[in-house]
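Subject: Handing over a structure, with notes

Dear colleague,

I am passing on a structure for you to look through, and below it I have set out what was found, piece by piece. Please keep the 3D view open while you read, so that each part can be located as it comes up.

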Amino acid sequence: MRRIGVFVCHCGINIAQNVDVEALTKYASKLDSVVVSKSYKYMCSDVGATLIKDSIKKHELDGVVIACCSPRMHEHTFREVVSDGGVNQYRLEIANIREQCSWAHSDREKATKKAKFLVRSAVAKAKLLESLETSTLEVNHDALVIGAGIAGIQASLDLANDGFKVYLVEREPSIGGRMAQLDKTFPTLDCSSCILTPKMMEVANHPNVELLTYSEVTGIEGSIGNYTVKIKKKPRYVDVEKCTGCGDCATACRLKDRINSEFNMSRGKRGAAYMPFPQAVPLKYTIDAEHCLFLTRGKCGDKPACREACDQKAINFDQKEEIVELKVGAIVVTTGYDLLDPTSMYEYGYANSPDVITTLELERLISSSGPTLGEILRPSDQQKPKSITFILCVGSRDETECTWCCRIGCMSALKHVYLLREKLGDDVEINVCYTDVRSYGKGYEEFYRTVRGMKTNMFRGRPSEVQNMGDHQKIDIFDTTTNKLFEITTDMVVLVPALLPRADAGDFARLLHLTLSGDGFFLEAHPKLRPMDTFVNGIFIAGCCQGPKDIQDTVSQASGAASRVATILSKEELEIDPLIAAVDAEVCTGCGICVEVCPYEARVLNEKTKIAEVNDALCTGCGACIAACPSNASIHKNFTKKQLLDMVDDII
Amino acid sequence: MSITDLTSMGEPQVELKKEINDRLSKLQDEVSDYCYQCAKCTSGCEAHKLLELEPHKIVALLKQGLIDEMVNSDIIWTCMSCFKCRERCPQKIAPVEILFALKNLAVAGGKQVPGKYTSVLQSVLSIGLIQDAQSVTTKDMKTKTRDDLGLPPLSKPDDPAKFQAGLMKIAVEKV
């Protein structure tokens, strides 16, 4: 017979206020197989741990039940305590009498009764728990970072400097991401490219980093410590070994200045042979297969103009898509964000007038590498605007579009006010229609104060519509600070659009088996305590793919994710939790249903024995195969039918 | 413990507030409590410029439960029911529906209904239309009736008494 000890935690008053812990402890002591039962105010404290360890020795326990908070909180802590005490850590059962009892109920008497049932049921399981041993697997020490914006660059540099080999994959022709599109950054007004370009160069030249630009992840297999990732390298039609970045191909391209430049948010033009921006890394040209005349029609004049112009003979239209396979131990996903296309907010007239633009378009107009070389010109007539009006929260905090706050809109608009005042002087009228100005970061409130002092007309309210009057825009805005309706006539309207998950975030999440939160961003394993982890071991997230954030937070999170990855990669071997599926070979008929239902590809049918097997490294213990198995051959270790049914018997 | 509006000595009417919010929920609009006073409704309100209706203030007063103040005010009768506030509210609240509820309360409490409303109501009760079909004047100053334009005559209730009884039933059930 087992010798079980029951330990009841008061959790301060969290449990004790709604559950009579003394009565519960006394009740537990009388249960079958229970040889000792004790309570303590904080079982997770050092004193509590000593109490458990001493009891194990004194009473020669071989099973432990702890009635406390959710196993998600402290199971790990208590496993170590039990193990230190000399009992196999998998012979511990937690009875959750906090989240599932004291917090959920207010009737002390009934809650105590329920707690007794929960403890009784946990004891029933503890009687049957088996000792399990963790197994180990070897770790591949290389890392993969997906997305080379500032988050991906930072994570790659951190890992590379720690001595790990890093593959940095970027689907665009150049690394740099959104930050490369910015002119200045708030609240310090650092020149964005001045602080980003050195990092881009550093990551590109780092001996431990292998850049894979114009490439996409198309497949992934394996698990923590041993991932195999398929990367599609899209053809640039330019031999990067030969290309010197001279630009002769772009000058010669017959489509020069005829294709909307994505980098310039369609406010500028490029050709089919192009470099997205002057500081691009790698500094190589790319031929856009979607537009290039030769690639789409098979004909470009007599001969492709770019090929003729290239002295280095770098243009190669025979390049083919290439699939490379990488083996890595852990992955950081830093795929960034999209912006809301304000066309869906029809009332703001984004589609009706070229003079209604978004913040990122204004950013390109302000940037000296932008389409106007940094001159602020109104798109419709290329004249200097005399009045510019910002509308904040376009689609943000909006139940009909994006329910969340974009977290950067207020500050980016204030930054623009500052930069416009600097560029256009006091003559230009600047209006800001805000709902609430959220200047929550370090130095942000001070920056907001500075901008308030820069002859900024602040209207606390939200316009209902922007009317296109031809040569100007008209906005009615009710200002709730003065209780007055103002009519603003303005040359240009700048919309601050909501920040969205990438359009293909869902597809990408499926590819990597990641989970999305309700808003469509990648879901972290715990919002406070595991903000960079995902539910897939070995895959981490950082930056705006996890949720809207500014550059400061993005960089911090990226370094955090890199550190989480380093924890894994620095190990020679990883322990595998044995609470996973197993197969009863005597019973298995080899039907293969488990192989089909397994979402982690952890199931294989042994061709020789015709019996299903479990790959311990891949199995997450999700239980799908156990539910699907028609012959009860699939079992979940320490969650067997007998164990669970005994629990149920004792709870009812 | 209590909360008092010292300008009117009004106190929150919790039950009435719940009734109006329940009506919003039934119509699948959000309740007033979610309003964050962005005033997008008022910025675009057709009745604001001339008649000074401030829908965001109506929602704010409902949030505080100060309902009598609105029911007793003429301002609730200025809404043109264009539904722009409902269409554009970022929190899916419908000030226009709150105004309907307030107008119902005013009528139920025997408040004086503005003259035009009474004549419109009379017209609906007697002929089923807000107003009878009028003849129109063309560009060249000719008067045309529906018949002249080849339009069929408007149908009217066959049994006005039964029609009125039906309408009243709808009003009583607060559909």
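Helix α11 of chain A, which covers residues 359-366, is mostly covered, since seven of its eight residues are buried. Those buried residues are T359(A), E361(A), L362(A), E363(A), R364(A), L365(A) and I366(A). Please bear in mind that this is a predicted model. What do the buried residues of α11(A) pack against? Their neighbours are β20 (356-358), α12 (409-424) and β27 (492-497), which belong to chain A.

Two of these neighbours lead on to a sheet. Five strands of chain A, in the order β20-β27-β21-β22-β23, form an open sheet in which the pairing is parallel. At its edges are β20 and β23 (456-460) of chain A, each of which pairs on one side only. Neighbouring strands of this sheet are turned against each other by 20 degrees on average, if direction is ignored. Within the sheet, β20(A) and β27(A) are joined in the parallel sense over three bridges, and T358(A) has L495(A) in β27(A) as its bridge partner. Helix α11(A) packs on this sheet, where it touches β20 and β27 of chain A, and the direction of the helix makes about 90 degrees with that of β20(A).

Strand β12 of chain A, residues 226-233, pairs with β17(A) over seven bridges in the antiparallel sense, and K232(A) stands opposite I323(A) in β17(A).

Next comes strand β18 of chain A, residues 330-333. Are its faces covered or open? Both are covered, with A330(A) and V332(A) buried on one side and I331(A) and V333(A) buried on the other. In general, the side chains of a regular strand alternate between the two faces of the sheet. As for its partners, β18(A) pairs in the parallel sense with strand β6 of chain A (residues 143-146) over four bridges, and there L144(A) has I331(A) as its bridge partner. Strand β18(A) also runs parallel to strand β29 of chain A (residues 539-541), to which three bridges join it, and V332(A) stands opposite F540(A) in β29(A).

Two helices of chain A also deserve a look. Helix α5 (residues 108-126) and helix α18 (residues 641-651) of chain A pack at an angle of about 150 degrees, and their axes are 8 Å apart. Angles over 145 degrees count as roughly antiparallel, and α5(A) and α18(A) are therefore roughly antiparallel to each other. The crossing of α5(A) past α18(A) is right-handed. The contact is made by F117(A), R120(A), S121(A), A124(A) and K125(A) from α5(A), together with Q643(A), D646(A), M647(A), D649(A), D650(A) and I651(A) from α18(A).

Finally, chain B is divided into domain 1 (14-108) and domain 2 (115-173), and the C-alpha centres of these two domains of chain B lie 29 Å apart.

With best wishes

Notes
Residues numbered from 1 in each chain as written. Chains lettered and ligands numbered in written order. Predicted model: local features only at pLDDT ≥ 70, side-chain atom pairs only at ≥ 80, totals over all residues. Domains from an automatic or database assignment. Pairing = 2+ DSSP bridges. Buried ≥ 20, exposed ≤ 12 C-beta atoms within 10 Å, placed from the backbone. Contact = placed C-beta atoms within 7 Å. Axes fitted to C-alpha atoms, helices over the stretch in contact; angles between N-to-C directions. Parallel < 35°, antiparallel > 145°, perpendicular 65-115°, else oblique. Left-handed = near helix turned anticlockwise from the far one by under 90°.
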